[in-house]
Amino acid sequence: MYWPKFSEAGLIKKIRKGRSRNGVTCTYIKWTKHVGLKVFTSKWARDQCAKLQGIAAENKLGPKVGEKAQFEVLWGETDDWDSFENAPQMRMKKLYCYFTEHADRPRKYQRTGKKRRDLECKLHRVGIDHNDLHTENVGLVNGKLVCIDFDYVSCIKCKPGEKVNPDADSYS
Ligand SMILES: Nc1ncnc2c1ncn2[C@@H]1O[C@H](COP(=O)(O)OP(=O)(O)O)[C@@H](O)[C@H]1O
Ligand SMILES: [Mg+2]
């Protein structure tokens, strides 16, 4: 698998091309045909996610994990700024990312309910309790359904086989 090198110049190019998707905890930027970059606002969240994805990847239940990187952006935070006193507080903010193997989206008509249930069980066996394996959180790598979202809201590390999340059974 070919992993690209991270660079801020490269990142700006990809963002300008509009090749990003926003989730709740992570922004995904398509980098090359087979590689994407997952970007988080917290180092802890990035590391947690990369660690669980790494376990899944070793077991062919998630995309492979590449190099980690970090970069800074000028960040403005405000609810409302109708006057200069409320103007956004601008500051440099660090963002944390890692490269991941890209997963294709299952086709719209492709029903994945059974495979997602199967995937959930397999993740369990390797110590990942996932409670949010909906259609946006799975993808296809080499035609095989894998989990692509390992953030702390969706899943936690558990003892292999142990059920931690009792309501992890809603599939639509
Ligand atoms: N490895 C990947 N391959 C392809 N698309 C991805 C990958 N990881 C994330 N995405 C895309 O980015 C979106 C948000 O990423 P995700 O990890 O689900 O973040 P969040 O935890 O914020 O939901 C996903 O719904 C998907 O469209
Ligand atoms: Mg998601």
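**Close-up views of a predicted model**

From the N terminus on, the elements of the chain run α-β-β-β-α-β-β-α-β-β-β-β. The model is predicted: local features need pLDDT of at least 70, side-chain atom pairs count only at pLDDT 80 or more, and totals for chains, interfaces and linings use all residues. Residues are numbered from 1 along each chain as its sequence is written, while chains are lettered from A and ligands numbered from 1 in the order in which they are written.

**View 1. The whole chain.** The chain holds three helices and nine strands. Helices (H or I, at least four residues) and strands (E, at least two) are DSSP runs, numbered from the N terminus. Along the principal axes, the C-alpha atoms fill a box of roughly 55 × 35 × 35 Å. Of the 172 residues, 27% are buried. A residue is buried if 20 or more other C-beta atoms lie within 10 Å of its own, exposed if 12 or fewer, and partly exposed in between, with C-beta atoms placed from the backbone. Among contacts between residues at least 6 apart in sequence, 64% join residues at least 24 apart. A contact puts two C-beta atoms, placed from the backbone, within 7 Å.

**View 2. The shell of ligand 1.** Ligand 1 is surrounded by 18 residues. The closest are Gly23, Cys26, Tyr28, Ala103 and Asp149. A residue is near a molecule or strand if its C-beta atom, placed from the backbone, lies within 6 Å of it. The shell has six nonpolar, seven polar and five charged residues. Here Ala, Val, Leu, Ile, Met, Phe, Trp, Tyr, Cys and Pro count as nonpolar, Asp, Glu, Lys and Arg as charged, and the others, Gly among them, as polar.

View 3. Strands S1 (residues 20-22) and S2 (residues 27-30) run antiparallel and are joined by three bridges. Strands pair if DSSP finds at least two bridges between them. Ser20 stands opposite Ile29 in S2. Four residues lie between S1 and S2 in their hairpin. A second hairpin links S2 to S3, also through four residues. S2 pairs with S3 (residues 35-40) over four bridges, in the antiparallel sense. Tyr28 has Lys38 in S3 as its bridge partner.

**View 4. Strands around S5.** S3 pairs with S5 in the antiparallel sense, over six bridges. Gly36 faces Thr100 of S5 across this pairing. S4 (residues 65-77) also runs antiparallel to S5, with 11 bridges joining the two. Gln70 has Tyr96 in S5 as its bridge partner.

**View 5. The largest nonpolar core.** This core has 28 residues. Such a core is a set of buried Ala, Val, Leu, Ile, Met, Phe, Trp, Tyr and Cys residues joined through C-beta atoms within 7 Å. Ala56, Leu119, Val138, Val146 and Cys147 have the most contacts inside it. S3, H2 (43-58), S5 (89-101), H3 (113-125) and S8 (144-147) each supply at least two of its residues. H2 gives the most, with five. Leaving out residues up to four places away in sequence, Val138 touches Pro106, Thr112, Arg116, Leu119, Leu133, Leu145, Val146, Cys147 and Ile148.

**View 6. Helix H2.** H2 has 16 residues. From first C-alpha to last, H2 reaches 22 Å, close to the 22 Å expected at 1.5 Å a residue. The expected span is 1.5 Å times one less than the number of residues. Arg46, Cys49, Ala50, Leu52, Gln53, Ala56 and Ala57 are buried in H2. Lys60 follows the helix, with a positive phi near 60°.
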